[in-house]
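Consider the sequence and the structure shown below. What can a student learn by following the chain from one part to another?

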Amino acid sequence: QQSTDAASQSQKAKARRKASKNVDFNLRNKMLETRQQLPIWSGRDALIQTIQANNIVVVLGETGSGKTTQLPQFLLESGIGGGLKIAVTQPRRVAAISLANRVSQETGTQLGSLVGYSVRFDDMSWKGTALKYMTDGMLMRELLSDQLLSQYGVIVIDEAHERTLRTDLILGTLKSIMQRRSNASLPPLKVVVMSATLDAEKFSTFFHSAPVLYVKGRQHPVRILNANEDVQDYMDGALKTIFQIHQSQPLPGDILVFLPGQEEINSLGASISMFADGAQLKHDIVILKLYASLSPQQQQKVFEAAPSNTRKIILATNVAETSITIAGVRHVIDSGLARERKFYTSNNGIGIDTLFVKPISKSSAMQRAGRAGREAAGVCYRLYTENTFLKLSKTTPPEIERTNLNFAILQLKAISEETYQQFEWLDEPSTEAIQQAHINLFGLGALDTHGIITDLGKKMAGMPLDPAIARILLSAQERECVSNILSLCALLSVDSPLFTSTNQDGDDATRERFASRHGDHIGLLNIWAAYGEVAAGGANADVKEWCSSNKISERTLRRAKDIRAQLEHQCRRMGMDVSLSTQDEEIILQCVLQGMFQNVALRQGDGTYRQIVNHGAVKIHPTSSLLNRKAPCIMYHELTLTTATYARTCSSIHPAWLRSVAFYNQREST
Ligand code: ADP
Ligand code: MG
């Protein structure tokens, strides 16, 4: 009896598998038809032949022509790469995840099997994954354990025009790897550089006049409507434009709005819902968001067709500029802004990373407008005047020109001193910037007095973190409070869990509830501890209720929890005792200071604050619990530049701690 049961069970399973295969097969066929209509398909043979014949090829093509999703499949199907893996790098995690998802559907395989992805804190691949979408940062990390990238037959550097720091680092490193691979007994490494704009010359020249292939795009005309005068409040401008379009323009025709970041996206999303509630709308609307920290499931929603008689309103960061194409868009609203990281250098040699909202370049503005004309003629509404457009810089300068080199130099030296010595930059940074990074890394104890990487430096490079944060975790090991610091580092890696832009009053109440006399770092840990207690109670509904009544983003805390788990895993692998914790809040702050000793400002006689490193003026950000507290010495996590330079996430520290920090760090380097 039992065995027949088992037999029928297995037969049923077989039938189910067959059925599911059939479904996949149909879906795949349908997708294949769509794919074959993409512009890149007509160039398939030429692409394959050229890549077969050359170890390095530059591919240029308009956004949406099928470069990222199709070309890697062509490589796979034609066996280029000699059975080794194919990597496709992306500057943004959200793009890597979404594209891997799409391509796994197109190949009719489960995500993580044939096609996978690997991004910071999330790996969806195994040793058999033949096609791996990954962030440029993850490929950098793989270089630490495999200098020749011996697992890979082809590396596709996508979105090269964005010139992120990590993409530049990979391009420079690949140049010497290709050389060294041909000396080792390994198949040659092929490199394909893909770019959306017309700057192929630079890449081609860098790789000894590599051949350039052009993929023709399909672009319908886009009418550009500039504002008559510069919009002072672009959020309000966007809101009005959205409803103007919605009420006057027929369906179909979705709206894509480009905003600087997550905060603005959430805030505008809330305003749209509020406005729509009381209004007589001609059609329904659905609001969709696209930014880095969304979960893969949430990201996928932007690709789903809207219900009938409904207009999609997609609020996105510049990830929708060239990395991700969304069908159905006919109207683009461009705020003209993006959030960017910039590194300020100062006279006495130490600089600080700052995040701020900045006007985009002309080429970004053109890309954004182009998104309206993928399927039919479209319109782009710029919330700025034509004159402002004309004054924009031509292109965005490469990240290497505006970021600190701490990370870059530490990574290259951690791969090997040889890698660092042989490294060729696409754009050579200034000698001062290189010197400064050496000083910073020496200050952190990562380099010795001869500029050679220390054991501590190697440990820091191996952690998926900014060198300063890595230093904080390592000092926590010494002071036996790894558990506290793990939580804090995870919280510092995500956006603030407090909703800031929607309900200012609610925020203040929450901030006070969890405030610490030491400031925001401990305040964050207080929120974390309270969240932990509620979560330990088990009921999901309780957690939700607690978060919403405290105006805290549950999603952000969940993401921090996720990151914490990954960091903990890393620390365990490095042999740290991750259970150690302390009640002594000053010890926690001293650990943080170990990595952040440059981010300190002193209160002056007139009540203002000045940074210790360059005496620049800073103000305490209005969201900080230290505002109006007159702390004599503060340490901050980052600076943001708006109308003034604001220090975010501030804590009050004792100036004397700075001396012991210097002692600890120098001891490591000598
Ligand atoms: P390119 O890299 O040249 O900009 P892509 O390969 O990214 O072009 O995109 C090709 C097409 O695939 C686009 O029309 C895009 O809309 C579609 N596509 C990409 N990802 C998805 C997805 N997750 N769902 C539906 N369509 C997608
Ligand atoms: Mg692409």
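The structure under discussion is a predicted model.

We begin with the ligand. Around ligand 1 there are 16 residues, and the closest of these are Lys67, Thr68, Thr69, Arg102 and Phe303. Two helices, α3 (67-78) and α4 (93-106), each contribute at least two residues to this shell. Helix α3 provides the largest share, with four residues. Which classes of residue make up the shell? Three are nonpolar, eleven are polar and two are charged.

We turn next to the sheet. In general, the strands of a sheet are paired through backbone hydrogen bonds, in either a parallel or an antiparallel manner. Here six strands form an open sheet with parallel pairing, in the order β9-β16-β13-β10-β12-β11. Why is one side of β9 (222-226) and of β11 (284-290) left without a neighbour in the sheet? These strands stand at the edges and have a single partner strand each, so one side of each remains without a neighbour. From one strand to the next, the twist averages 20 degrees.

One pairing within this sheet may be followed in detail. Strand β11 is joined to strand β12 (residues 310-316) in the parallel sense over seven bridges. Isoleucine 287 has isoleucine 313 of β12 opposite to it.

Helices also lie against the sheet. Helix α9 (residues 262-278) lies across β11 and β12, and runs at about 170 degrees to β11. Helix α12 (residues 362-370) packs on the sheet as well, where it touches β9, β10 (254-258), β13 (329-334) and β16 (378-382). The direction of α12 makes about 150 degrees with that of β13.

The last part concerns two helices packed on each other. Such a pair is described by the angle between the axes and by the distance between them. For helix α19 (residues 482-493) and helix α23 (residues 554-573), the axes come within 8 Å and cross at roughly 130 degrees. The angle therefore makes α19 oblique to α23. The crossing of these two helices is right-handed.

Which residues bring α19 and α23 together? From α19, Val482, Leu486, Ser487, Cys489, Ala490, Leu491 and Ser493 take part, and they meet Ala560, Ile563, Arg564, Leu567, Glu568 and Cys571 of α23. By class, this contact comprises nine nonpolar, two polar and two charged residues.

Definitions and conventions. Residues are numbered from 1 along each chain as its sequence is written. Chains are lettered from A and ligands numbered from 1 in the order in which they are written. This is a predicted model: local features need pLDDT of at least 70, side-chain atom pairs count only at pLDDT 80 or more; totals for chains, interfaces and linings use all residues. A residue is near a molecule or strand if its C-beta atom, placed from the backbone, lies within 6 Å of it. Ala, Val, Leu, Ile, Met, Phe, Trp, Tyr, Cys and Pro count as nonpolar, Asp, Glu, Lys and Arg as charged, and the others, Gly among them, as polar. Two strands pair if DSSP finds at least two bridges between them. Axes are lines fitted to C-alpha atoms, for helices over the stretch in contact, and angles run from 0 to 180 degrees between N-to-C directions. Two residues are in contact if their C-beta atoms, placed from the backbone, lie within 7 Å. Angles under 35 degrees count as roughly parallel, over 145 as roughly antiparallel, 65 to 115 as roughly perpendicular and the rest as oblique. A crossing is left-handed if the near helix is turned anticlockwise from the far one by less than a right angle, and right-handed if clockwise.
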